[in-house]
Amino acid sequence: MLWRIVILSILGIVAGLLIAVLQLRQDVSALEIENGPWNTAQGMGSADGSRFTRALVALRGIMALPDSEAIYYNASVDSDGNMLDGACTYEVRGGKIEARWWTLTLYNVEGYLIASEGDRYSYGSNNIAQEKQGDWQITVGPSADSDIATDPAASFQLTMRAYHPSQAFLENRAVTELPGIYRVECPK
Amino acid sequence: MSVFLRKWGLAILAFILTAAASYWTVLGAVPGFVMDRAWTTLAERGSANSAEHVGRITAQNQTIVRTSPDLIYSTCPFDISEKPLNISFDPIAGHYWSITIFDGNTDAAFVLNDRQAGAGPVQIDVTHGNSTRKNSVDAATSLAKASVEIPTGKGVALLRVLVNGEEDFQNIDAQRKRFKCRVMDVTSAI
């Protein structure tokens with residue numbers, strides 16, 4: 001009897017370890033709250049987050065701000081569920097975001113900025129005229145006139161940061177209307 | 001009870017319990033492990049218990065994942081296992097900024113932003129302790145002079161300032177360098 005317990009205990013330790021490693025190999029799109037192409041979680045950057053959220057955020061976005069200061073969303077797919085592809089051109093369209101200010105930043109799948117002419121890494125509310133904050137659109141793609149530049153040879157992710165979100169935004173992060181990501185053209 | 005369960009029941013239970021325990025342990029250990037590596041990277045780039053003022057983040061100079069190119073960062077990796085730390089800063093008018101104190105498990109123990117702080121100088125003392133007092137991350141008390149306790153000996157203080165392009169960066173770079181941190185004589189701690 002004892003040898004069975006010892007062997008299965010060892011196997012249990014290994015199994016738990018493997019499951020944890022496999023889960024943590026995912027990117028931040030594995031965060032549990034889904035809203036269209038975007039994923040987020042409660043309690044990022046604080047002890048209030050789940051054990052999984054805290055571990056994943058430590059690996060993929062260390063030193064995140066707590067919810068009251070900023071909400072983070074990440075997208076690795078477009079609004080139709082297709083992986084974001086740096087060779088394609090996308091329109092990101094949205095309306096008023098209930099926060100003091102917000103930004104969209106493009107990262108490679110490892111979470112690093114991609115070099116581009118003019119350092120076109122991000123775009124945000126500071127770049128949009130006040131009268132257009134309620135209805136805006138930007139281009140993300142490999143061409144030189146894109147608002148945010150991609151690497152045509154690689155997949156990418158978009159991170160949206162909304163600073164000082166309203167209470168309603170905080171409470172409805174899974175259903176509040178977020179920008180859509182639409183593929184416009186893709187090379188054959 | 002079937003023969004199978006009599007033979008294997010306890011062993012299967014041991015499998016489930018040890019799998020859950022090791023999964024739980026790994027997830028709990030990751031933040032501390034990652035923070036320790038980040039702390040070492042920051043301390044080697046600047047030095048422990050003093051502020052380093054990083055330039056605008058580009059694809060060429062990023063060392064930490066998912067840094068924002070719209071912000072400039074000043075970092076202070078600190079070790080308060082023996083003496084407390086004092087952080088001081090003079091607010092920058094007209095810009096979003098925040099100072100966050102992260103403990104050694106990557107958790108934000110305290111945040112102060114431009115709207116909370118007002119225009120006067122900021123003083124934050126950070127001590128190591130295990131009291132149950134929770135450092136509210138959105139406290140509305142006298143935030144310009146705060147006392148923060150964290151459960152780990154090491155941590156990182158991080159200043160974020162929103163910049164609107166290179167010209168803006170040049171205008172405020174000198175001001176954000178008023179973010180300073182230093183270890184304190186124990187007698188002067190709050």
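**Entry 1**

I started with A:Arg54, which is buried at a relative accessible area of 18% (buried means under 20% relative accessible area, exposed over 50%, partly exposed in between, with a 1.4 Å probe and protein chains only). I was looking at a predicted model, where local features need pLDDT of at least 70, side-chain atom pairs count only at pLDDT 80 or more, and totals for chains, interfaces and linings use all residues. Side-chain values use heavy atoms, without hydrogens and water, residues are numbered from 1 along each chain as its sequence is written, and chains are lettered from A and ligands numbered from 1 in the order in which they are written.

Which residue meets the side chain of A:Arg54 in a salt bridge? I found B:Asp107, at 2.7 Å from N to O (a salt bridge is a side-chain nitrogen of Lys or Arg within 4 Å of a carboxyl oxygen of Asp or Glu). B:Asp107 is buried too, at 7% relative accessibility. My search of the whole structure gave 10 salt bridges over all chains. In this one, B:Asp107 sits in the loop between S4 and S5 of chain B and A:Arg54 in helix H2 of chain A, so the pair joins two chains. I took helices (H or I, at least four residues) and strands (E, at least two) as DSSP runs, numbered from the N terminus.

**Entry 1: where the chains meet**

I counted 58 residues of chain A in contact with 56 residues of chain B (contact means heavy atoms within 4.5 Å). Together the two chains bury about 4800 Å², 64% of it on carbon and sulfur atoms; this is the accessible area (1.4 Å probe) that two parts lose on being put together, summed over both. Between chain A and chain B I noted 2 salt bridges.

**Entry 2: strand S4 of chain B**

Next I looked at S4(B), residues 97-103. Is this strand enclosed or open? I found 7 of its 7 residues buried, so the strand is largely enclosed by the rest of the structure. B:Trp97, B:Ile99, B:Ile101 and B:Asp103 point one way, while B:Ser98, B:Thr100 and B:Phe102 point the other way.

S4(B) has an antiparallel pairing with strand S8 (residues 154-162) of chain B over 7 bridges (two strands pair if DSSP finds at least two bridges between them). There, B:Ile99 stands opposite B:Leu159. S4(B) also pairs in the antiparallel sense with strand S5 (residues 108-113) of chain B, over 5 bridges, and B:Ile101 stands opposite B:Phe110. I saw that S4(B) and S5(B) form a hairpin with 4 residues between them, and that B:Thr106 in the turn has a positive phi of about 70°.

I looked up A:Glu91 and A:Arg93, which form a salt bridge with their closest N and O atoms 2.7 Å apart. A:Glu91 is partly exposed at 21%, and A:Arg93 is partly exposed at 35%.

In chain B, the side chains of B:Arg56 and B:Glu166 meet at 3.1 Å, N to O, in a salt bridge. B:Arg56 lies in the loop between strands S1 and S2 and B:Glu166 in helix H3 of chain B, so the pair ties together parts that are 110 residues apart in sequence. Both are partly exposed, B:Arg56 at 26% and B:Glu166 at 41%.
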